[in-house]
Amino acid sequence: KTPYVVSSKSYTAVAINAAAKTGEWIKSKVGSSLKMSTKYSEQDLVTEVDKGAEQMIRRLILTHFPDHAILGEEGVEPGPDASNLALQAVKDEEFLWIVDPVDGTTNFVHGFPFFSVSIALAHHGEIIVGVIYDPIRDELFVAEKGKGAYVHGNRMQVSQEEHLSDGLIAVGFPPDPSFALPANMAAVQALAPKVRNLRAGGSAALHLAYVAAGRLSGYTEIGLNPWDIAAGALLVQESGGMVTSTAGHPYDLSVRHVTASNGKLHHELITVLKEAKATGIAEDK
Ligand code: 2AM
Ligand code: CA
Ligand code: CA
Ligand code: CA
């Protein structure tokens, strides 16, 4: 089906180039006056920068790979089931790019310096490249399936803590009160007394990159979408960590309630979340 042979290196190069260029542009827009609107809820912000960044990334990918499919956050209508439907429509594509142009839009809008560009490439549904770029710290996180994960060329490894009580664990507060907030709050309440401390930075992708880099022992969040997780999941796996649904099922693109860790305290983390009924809603995928 593929008319040309390209090594995964050239896919990675395109992902890095797109993330770096777009990240620089996003950084140049911090603090400027922004055209802003809300999406599904009052707290769900989108700016002209989110849309412009996604356009840049799409153009850069399609210049090199015109027959590849792209699932990008700003190309999907907002709504509770929209990302599932959008994923169903493209999940059987041979090559699928999964793009979050700005992960951490609320942070970006407030000038809180914790946001990123996240780009993943899946081949028949298996993620083969994951790139996350933090333009504020100029940190580039890159993973290729089976080849490890690197931050600026240095091999990453997850942290060594064996127990939750020694762990620094990140959580999220997705701005979607009806769906995700109660279960998320249950997670926070159950974890707080059991961990060394909790963090909530507000960028799912950067939390995953930090688990990969050994800066966080684990991370859990409810109600995410494929573009929040895809690149970061490969970073964590290629750094020796573990990524599952919060109910403990293996990670795939349809997972919305995600738990990632250094692997060593994964079981303990999942057990606490299960006991707190913080594993998600309904079928607990
Ligand atoms: P975003 O900034 O790309 O929108 C923070 O907890 C994480 O939740 C971020 O990855 C953020 O991504 C995501 N997020 C923001 N709004 C959301 C919503 N309405 N539903 C689900 N996830 C959301
Ligand atoms: Ca968003
Ligand atoms: Ca996101
Ligand atoms: Ca986004």
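The buried residues of helix H5 (residues 181-191) pack against strand E10 (168-171), E11, E12 and H8. Contact here requires C-beta atoms, placed from the backbone, to lie within 7 Å, and a residue is buried if 20 or more other C-beta atoms lie within 10 Å of its own, exposed if 12 or fewer, and partly exposed in between. Helices (H or I, at least four residues) and strands (E, at least two) are DSSP runs, numbered from the N terminus. The buried set of H5 consists of Ala 183, Asn 184, Ala 187 and Leu 191. These residues lie on the same side of H5 because they cover an arc of only 100° around the axis, the arc being that of the directions from the helix axis to the C-beta atoms.

The model is predicted: local features need pLDDT of at least 70, side-chain atom pairs count only at pLDDT 80 or more, and totals for chains, interfaces and linings use all residues. Residues are numbered from 1 along each chain as its sequence is written, while chains are lettered from A and ligands numbered from 1 in the order in which they are written.

An open sheet of five strands has the order E11-E10-E12-E14-E13, with mixed pairing; two strands pair if DSSP finds at least two bridges between them. E11 and E13 stand at the edges with a single partner strand each, so one side of each is left without a neighbour in the sheet. From one strand to the next, the twist averages 20°. Four bridges join E13 and E14 in the antiparallel sense, and Ser 245 has Val 258 in E14 as its bridge partner. Helix H8 lies across E12, E13 and E14, at about 150° to E14; axes are lines fitted to C-alpha atoms, for helices over the stretch in contact, and angles run from 0 to 180 degrees between N-to-C directions.

| Element | Residues |
|---|---|
| Strand E11 | 197-199 |
| Strand E13 | 242-245 |
| Strand E14 | 258-261 |
| Helix H8 | 266-275 |

Asn 225 is found in the loop between strand E12 (218-221) and helix H7 (226-238). Asn 225 counts as buried because it has 21 C-beta neighbours inside 10 Å. Not counting residues up to four places away in sequence, Asn 225 touches Glu 73, Ser 83 and Arg 256.

The domain assignment, which is automatic or from a database, gives domain 1 (8-155) and domain 2 (164-275). Their centres, taken over C-alpha atoms, are separated by 19 Å. The contact takes 38 residues from domain 1 and 26 residues from domain 2.

Terms used:
Contact = placed C-beta atoms within 7 Å.
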